[in-house]
Amino acid sequence: MAVAAKDRKAWASGEEPRWCPGCGDYAILAAIESFLPELGVPREKFVFVSGIGCSGRFVYYVNTYGVHAIHGRALALASGLAVARPDLSVWVVTGDGDSLSIGGNHLIHALRRNVPVKVLLFNNQIYGLTKGQYSPTSEEGKITKSTPFGALDHPFNPLALALGAEASFVARTLDVDRAHLTGVLRAAAAHRGTAFVEIYQNCNVFNDGAFDTLTDKQTRALNQIRLEHDRPIRFGPEGERGVVQRGDGSMEIVNVADVGEDALVVHDAHHHDPSLAFALAHLSERPTGPTPIGVFRSVERQVYGQALDDQLAVARARLGVGDLASLLGSGHTWAVA
Amino acid sequence: MQLTGDRFTSATGLFGNDLVTLPDFPAEIRAPRGTLHGVSAFQIQFASRDILTPGDEPSVLVAMNPAALKTNIGLLEAGGAVIVNDDEFNARNLERAGYATSPLDDDSLAGYRVFRVPMQTLTLRATEGIAGLSKREAERAKNFFALGLVSWMYGRPVEVTEQWIAEKFAGKAEIRDANLAAFRAGWNFGETTEVFAVRYEVKPAPAAPGVYRNISGAAALAWGLIAASVRSGLPLFYASYPITPASEILHELSRHKNFDVRTFQAEDEIAAANLALGAAFGGHLGATGTSGPGMDLKAETIGLAVMLELPLVIVDVQRAGPSTGLPTKNEASDLMMALYGRHGEAPLPVVAAYAPAQCFDAAIEAVRIAVTYRTPVILLSDTFLGNSSEPWLIPAVDDLPVIDPAFTTDASSSDGFLPYSRDERLARPWVVPGTPGLEHRIGGLEKQDGTGAVSYDPGNHERMTALRAGKVAGIARDIPPLEVDDPDGADLLVLGWGSTYGAIRAAARRVRSRAGAVATAHFTHLSPLPENTGDVLASYERVLVPELNSGQLVRVLRAEYLVAAEGYSKMQGVPFGFAELEREIERRL
């Protein structure tokens, strides 16, 4: 559905974004502002919830309902809102520090519960707002203000973490690729339950060029492995490279000419077993070489908010609609004249 | 033992006595039997008049083993009756309890009336021939033997207990029959043997007309939240992480989903607070409950709620701290934390319950303030209030307050919508998502007065700080004045808050019965304090503030009102007894 420019404008709050010039967040904001109207959901039904970090400011710029919460807790607050109000479309905007470090517990529990919330993780592999410390997705040995001798931490693989936490929808996309980003957001919006979307986002001040391999004109065709459901996984300017599965289940990049197209892994995002998605998540540990993007996993299972509503209906059917006078007078009572 | 106590309480309430209970149990789930730290005790005071505390010095102690005797004998009144389960006073149990010789054989119990009853043997005999019952299961029924015996001593109705046993153990016929047999055997033992010289008759207490039931503080608090939900039309959303002793509220609420009560067992304390706050943003009655350690973790989220100016109720069932402290023991030492325990200037209203059944009213009051003023409210209970029970005159639903959420839904104002505009109470509009034309963003960053936009303006921050404080302070105009009970024109005022209510009133009653003059007053609102607090303090020569902490309220009163109020502290994990307060009052007359 094409969206007229004037409609798009109605989705901007009018507050002037305060991100650094050149920040990847601008591209994501523009993509979301032009994508939301096409969902056909009234503006007042959207709620954006964010935590702390550069990504946290996002909520102020979209003309919907929004809460800028505290560090790491956006997903917990959004879960309460989404479970209480299943009629709303609830989106969480978070960063790698916000959701993988201080808020890691809420992320894994929201994913296993499958609350009806879309999680957009802006991963820039750095703490930007606090001016450049390494984050839980920074590479080992990274030199930052807090690690002048190099970071000792082994980084999280956000998609593998999400899959390990039983996420029902897991995807990865890029800040600067409007078409791909929009396609992934569309799939996330259509998903029932928690949709987890990692967006590689460039911090041009503290971690510039972290994703150049995947976004530069010269290198991107060689390195973007675009996953499409039910299609053989192949990439490269001529589709000359592909992905095969080794006997031990792990993935390997090969030349298609060497193995033949039939040997390539056919992507199955809907497989109930997350093993394939997990192996793909580990195909590249860092975005510095060929890296899969797109929807890794999208399966249906019980959604927490709906399940709770169903339970309320069961309770009403079994106990009758709650009547306060009957409750207060229940159990052993006695009368004094 | 707690089950046995509950049953006796139920029968006592039904009989029409006034009562207050004091359950006292270890933090361990199945602490080793026979050890001193494993003793699980249940204390009850009941009378033919109204009573206020679970009693200082019980008249009768039933000790099921040497450890139970050793840990509780010190409480018993001089000349009191001790009923022991004779079978358990063997060498092994005596040694475990640290007795060199059996207290039943030396003269250490000389000041008491001791009754040795072989409860195990009698229970085994009574349950002989019940098909499918193991010896171990038969022995377990001995608590019901004790219950039967004590029920006889005090003439409790038996039908209610028998019916309860039949229902509770309906699925296991042999256990049901064993418990019934043991209960009847205990009763008959009292009736037929001549061991017991006395049988007590405690007549029903005169009480206001109406229908009564027993209720624990935890249940009363949960029902208060449900009642507030019904009377406000806001669905209740209660998020909580399991913690002693607050979990009882989560358990109770989760049974009442037919009231559209959404209970959510969160992954941690922080999540629980945020879940409730998110639900509040969505137009639900958001509430979370915890105890001390959980309060520490929720502090940042409570600060966010102060900034967002959304209704949120935080229940703190206080327990002895610091850190893990004494998780199942009583203390009321979170007052300072409730008042001030957040970074920045983050004032909020604090309400404290003062009696088990009154937790119902306190919960409704906390919700009323939260919704009316768009603010988080901390509701303080404690272990004693939560676990204890007392008779409750069941209120008529129509007499409960109506709470108006007063949502803003009209988007037609020509000035545009101002999320941080204020009404005459300084409360801001509550607009829930889904309302067309009023889309707005709120967050933890400082707000511009009126628009709610992010603002770093120095003057604005000072103004907003004053507005938030002014809103909370203004609630003083909307709460009852501090009521003083002073029949004799006393010079001394005893001023309390929370669960010390019963002990303070009982102590004052005893002082007055000997012609002493003492005034009492009790806070239910700790922030803001009632408007007349300063006047009340100024009209007494001496003010005594007994607290189950090291002197937290007294410090507030001295700082706010420049009065020489004196504190009296107790931190032993148990409530005040009235005798110690009586002594403290007498000392100051």
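Between chain A and chain B of this predicted model there are 4 salt bridges, each a side-chain nitrogen of Lys or Arg within 4 Å of a carboxyl oxygen of Asp or Glu. In one salt bridge the side chains of A:Arg316 and B:Asp260 meet at 2.6 Å, N to O.

The model is predicted, with local features needing pLDDT of at least 70 and side-chain atom pairs counting only at pLDDT 80 or more, while totals for chains, interfaces and linings use all residues. Residues are numbered from 1 along each chain as its sequence is written, and side-chain values use heavy atoms, without hydrogens and water.

The contact (heavy atoms within 4.5 Å) takes 59 residues from chain A and 70 residues from chain B. The two chains bury about 5,300 Å² between them, 64% of it on carbon and sulfur atoms; buried area is the accessible area (1.4 Å probe) lost by two parts on being put together, summed over both. A:Tyr65, A:Leu328 and A:Trp334 supply 17% of the area that chain A buries against chain B, more than any other three residues.

The side of chain A that touches chain B divides by residue class as follows.

| Class | Members of the class | Residues on the chain A side |
|---|---|---|
| Nonpolar | Ala, Val, Leu, Ile, Met, Phe, Trp, Tyr, Cys, Pro | 28 residues |
| Polar | the others, Gly among them | 19 residues |

How values were computed. Chains lettered and ligands numbered in written order.
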